[in-house]
Amino acid sequence: MNTLELKKQANEIRKSIVTAVHGAKSGHPGGSLSAADIYTYLYFAEMNVDPENPKDPNRDRFVLSKGHTAPGLYATLAHKGYFPVEDLNNLRKVGCYLQGHPDMKHIPGVDMSSGSLGQGISAAVGMAIAGKLDGADYRVYTLLGDGEIQEGQVWEAAMLAAHRKLDNLVVIVDNNGLQIDGDIAKVNSPYPIDKKFEAFNFHVINVDGHDFDALAAAFAEARATKGQPTAIVAKTVKGKDVSFMENQASWHGSAPNDEQYAVAMADLEKVGEALCQK
Amino acid sequence: MSEVKKIATRESYGNALKEIGAENPNIVALDADLAGATKTSVFMKAFPERHIDCGIAECNMMGVAAGLATAGKIPFASTFAMFAAGRAFEQVRNSIGYPHLNVKIGATHAGISVGEDGATHQCCEDIALMRTIPGMVVISPADDVEAKAAVRAAAEYVGPVYLRFGRLAVPVFNDPETYKFELGKGIVLREGKDVTIVATGLCVAESLAAAEQLAAKGIDAKVINIHTIKPLDEELIVAAAKETGKVVTVEEHSVIGGLGSVVCDCLSAKAPTTVLKIGINDVFGESGPAAQLIKKYGLDADSIAAKVEAFVK
């Protein structure tokens, strides 16, 4: 997929995110939209995965450590072909397999159950260690929120990842700058994020999380990095491409009503149309 | 009973891990800077590449174990019961229990028999915590023979298992030639008609000795060893309750939520019976030699016999 195609795919994924959360009347749109380009790049350009064979032992793995942005992951998996896009309409509904947070037991393509912040990265470290033990060449990716890295367990995991020289592991931080209670710098600042991972012996790359060319360069650099894990700190906009959600902490965990949904979809249609004229 | 061999079940754990590790290359051991104490050091010496020391970070260790399990490994995550079930409870629940991953938790230093280290390290709540997690198997072996068999059974079973081991050397009363471990099956060690003593862990040997004392006083006690707390052998417990009319539970664990509660949960529904729960009575432990603490907290044979006698009369 070229950059334009990736942008179009991300736009479709954003529409599905907003539609799923609107249908569920709950969920986490802000951080799903901020990470939509990252999800898109991972599943449509970076990772060696096959929706026809979701349990392939040689596949690359992805752990959504910031599990509350499951709508973003589910929309991406659906568009990739793991399950029907229409199923997103039943997100968070009783009896539907699309749980509020990722559930590996029931959702095709989900490599690890997650949602309690700080825990996913540990599982990703375990997968990367397993890859090293087996001499397998699969890679492991995990996406964390910038608020999530306030959890101490993240740094327990980071210390072990670097100690064991897990160069098959990429930790991505979705740095949208907002958490439930507001600006991460005001709640309990995790900055400087890059310096912290550097101090933990990671190879660190700062990147614009909405620039596909920059993401491509970053993931290529991670792949070329040997002897240490890579952290990609992706600067993003929470609620990206939905006018009234952008940079608003209040859209961390609430669903748009019918009117807001119409505005959101119009915003995204506009982005999509602009891409078609390129 | 004078020349009975004594071995701590944590020793059995390390030795068994090494044995099954030789047979199955997918077995890996994780530790959190306590390899010498939990005895995963025995495994480490034999298979250094399959021993992952996570340092003093138990919560991360549980998550790493979960990740290893998703990739087909059979991880045994080891630390003291306090940190395995206590500190890392939520990681065990959400990263291991919820996805029902094939992780074995080897929790050593359970109960007050930790001894001199005192209350901060004497976990008497782990059975209660672990048994509330859906799908978690909880095993509390009584001696070396049973502990080794339990480790093997846990490795063969697919799904999360919590294994409870002790620091203190305890009598080996099972015969390795004839002993058979069956997950979820209790073992009748002594027949009796007046009362049933249901015990687990190091309290099994003490209960057997108590039954001998009671016999001398004309009280005929049946003794059941419950090594698998969850799933409980309900059939055996119900039958024994109906047979003897009275039931006593004995455990080196809080009387809140442990074996006593498990047995009461079962009997209240299936065979209402008066039950005396012997255990740690909603208090913290303290420092001191293990044997003295066991006596002080009423878990030795003399104390058990006295309590059962008073209960039966």
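This is a predicted model: local features need pLDDT of at least 70, side-chain atom pairs count only at pLDDT 80 or more; totals for chains, interfaces and linings use all residues.

In what order do the five strands of the open sheet in chain A come, and in which sense do they pair?

Mentor: The order of the five strands in chain A is E1-E2-E3-E7-E6, and the pairing is parallel. Go to the two ends of that order and you reach the edge strands, E1 (61–64) and E6 (203–208) of chain A, each of which pairs on one side only. From one strand to the next, the twist averages 20°. As background, strands of a sheet pair through backbone hydrogen bonds, either parallel or antiparallel.

E1(A) pairs with strand E2 (residues 140–145) of chain A in the parallel sense, over four bridges. To find this pairing on your screen, look for Arg61(A), which stands opposite Val140(A) in E2(A).

Now look for the helix that goes with this sheet. Helix H9 (residues 212–224) of chain A lies across E2, E3 (169–175), E6 and E7 (230–235) of chain A.

Arg59(A) sits in the loop between helix H3 (36–46) and E1 of chain A. Its salt-bridge partner is Asp111(A), with the closest N and O atoms 2.9 Å apart. Asp111(A) belongs to another loop, the one between helix H4 (70–80) and helix H5 (120–134) of chain A. The two residues are 52 residues apart, and the pair links distant parts of the chain. Side chains of opposite charge can pair when their charged atoms come close. Over all chains, the count comes to 30 salt bridges.

Two backbone details in chain A deserve a stop. The peptide bond from Tyr191(A) to Pro192(A) is cis, with omega near -5°. You will find Pro192(A) in the loop between helix H7 (184–188) and helix H8 (193–199) of chain A. The other detail is Asp241(A), a residue other than glycine with a positive phi, near 80°.

Next, let's cross over to chain B. Where the two chains meet, 26 residues of chain B are in contact with 26 residues of chain A. The area buried between them is about 1,900 Å², and carbon and sulfur atoms give 58% of it. Asn60(B), Thr70(B) and Tyr98(B) together supply 26% of the area that chain B buries against chain A, more than any other three residues.

This boundary has one salt bridge, in which the side chains of Asp134(A) and Lys73(B) meet at 2.5 Å, N to O. There are also eight residue pairs in polar contact between the two chains. On the chain B side, strand E3 (51–53), helix H4 (58–70) and helix H6 (89–97) each supply at least two residues. The largest share, nine residues, comes from H4(B). Sorted by class, the side of chain B that touches chain A has 12 nonpolar, nine polar and five charged residues.

Finally, chain B has an open sheet of five strands too, and its order is E9-E11-E10-E13-E14. Here the pairing is mixed, whereas the chain A sheet is parallel. The edge strands are E9 (187–190) and E14 (274–280) of chain B, and the twist averages 25° from one strand to the next. Within this sheet, E10 (residues 195–199) and E11 (residues 221–225) of chain B pair in the parallel sense over five bridges, and Thr196(B) stands opposite Lys222(B) in E11(B). Helix H11 (residues 259–270) of chain B packs on the sheet, touching E10, E13 (246–254) and E14 of chain B. The direction of helix H11(B) makes about 145° with that of E13(B).

One last stop: a cis peptide bond joins Lys230(B) and Pro231(B), with omega about 0°. Pro231(B) lies in the loop between strand E12 (228–230) and helix H10 (234–244) of chain B.

Note on methods
Residues are numbered from 1 along each chain as its sequence is written. Chains are lettered from A and ligands numbered from 1 in the order in which they are written. Side-chain values use heavy atoms; hydrogens and water are left out. Contact means heavy atoms within 4.5 Å. Buried area is the accessible area (1.4 Å probe) that two parts lose on being put together, summed over both. A salt bridge is a side-chain nitrogen of Lys or Arg within 4 Å of a carboxyl oxygen of Asp or Glu. A polar contact is a pair of N or O atoms within 3.5 Å; within protein, one must be able to donate a hydrogen and the other to accept it, and residues adjacent in sequence count only if both atoms are side-chain atoms. Ala, Val, Leu, Ile, Met, Phe, Trp, Tyr, Cys and Pro count as nonpolar, Asp, Glu, Lys and Arg as charged, and the others, Gly among them, as polar. Two strands pair if DSSP finds at least two bridges between them. Axes are lines fitted to C-alpha atoms, for helices over the stretch in contact, and angles run from 0 to 180 degrees between N-to-C directions.
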